[in-house]
Amino acid sequence: MIAAWIPVTIAAAFVQNLRFMLQKHLKATQLSTGGATFSRFVFSFPLVAALALTYGQLSDQALPGLTGTFWIYATLGGLCQILATMCVVALFARRNFAVGMTFKKTEAIQTAIVGYVLLGEGVSPGGAAALAVGFVGLILLSDPPDGGADGGWARLFNRAAGLGLASGILFAVSANAYRAASLSLESGDTFLRASLTLAAVTAFQTVALGGWLLWRERGEVRRVLRAWRVTALVGIFSMVGSLCWFIAFTLQTAAYVKAVGQIELVFSYLAGVFVFQEKNTRRELAGIATLVLSVLMIVLLR
């Protein structure tokens, strides 16, 4: 029998891919990077808050207390996710959809590095080999489509590669922080703890990013609300996808959840080809395949 967290993770990856497709459209046509990122929180927060409260009442469960430890992890995860999402949205303007999503999925590889730096957890020889293979994939993907106008090191180290790597490590930190926040709740079943954690995180993210936009990008919040027909869909997809991720993180360690979540690469590639009519070079396809191989190695050999 398949463990429950596996189909939940696959569903999360599929819905998240739909949300990124909409955010790519918003970034290209209407909103700034911050506005496209804000759209996923402002409509998601009220929906998930209502869901958590309603489920608690219908299931006759009292809402668990939100301790200081909970808020530390929730705030850390929420802040890292904001920055990571902004990196991904900005990346879409520099690379095509499938390659952009592959850069974002380096979070699975970087989770091992974050674990070593923050927790002192070493990697096995097999894990080290997987990281080396992943680095090769990043080198293949970091070469700009035009070969790099400046040549030399600019062909390997460029802004697109930096944005992808930054989003990966930020998503890796946020995933572990969300799991820690959900597990810190002392009562409630899996769904209640996951939905309550998501409600608290999205509330923080809405206030934090909304305040930033009002300060630095006046008028952007109004543009997000004006484009509600698309931004509301982003919020709905964000709520469904994030809830699935949070449930999976509550049921299983973040490393395994992120490993299964690599199926999003397949979804993003199909979207790039059939929706955005994008073409991938052989070098880019080789980079994607190499990164997928490194992820499989982590799952099998770590």
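Helices (H or I, at least four residues) and strands (E, at least two) are taken as DSSP runs and numbered from the N terminus. The model is a predicted one, in which local features require pLDDT of at least 70 and side-chain atom pairs count only at pLDDT 80 or more, whereas totals for chains, interfaces and linings use all residues. Residues are numbered from 1 along each chain as its sequence is written, and side-chain values use heavy atoms, with hydrogens and water left out.

The secondary structure of the protein consists of 14 helices and 0 strands, giving the pattern α-α-α-α-α-α-α-α-α-α-α-α-α-α along the sequence. Of the contacts (heavy atoms within 4.5 Å) between residues at least 6 apart in sequence, 86% join residues at least 24 apart. The protein exposes about 13,700 Å², of which carbon and sulfur atoms supply 68%; accessible areas were computed by the Shrake-Rupley method with a 1.4 Å probe, and for residues only the protein chains shown count as cover.

Residues were classed as buried under 20% relative accessible area, exposed over 50%, and partly exposed in between (1.4 Å probe, protein chains only). Of the 302 residues in the protein, 52% are buried. In helix 2 (residues 33–42), 10 of the 10 residues are buried, so this helix is largely enclosed by the rest of the structure. The buried residues of helix 2 include G34, G35, F38, R40 and F41.

D60 lies in the loop between helix 3 (44–58) and helix 4 (68–92). This residue is exposed, with a relative accessible area of 74%. Although not a glycine, D60 has a positive phi of about 55°. Most residues other than glycine have a negative phi.
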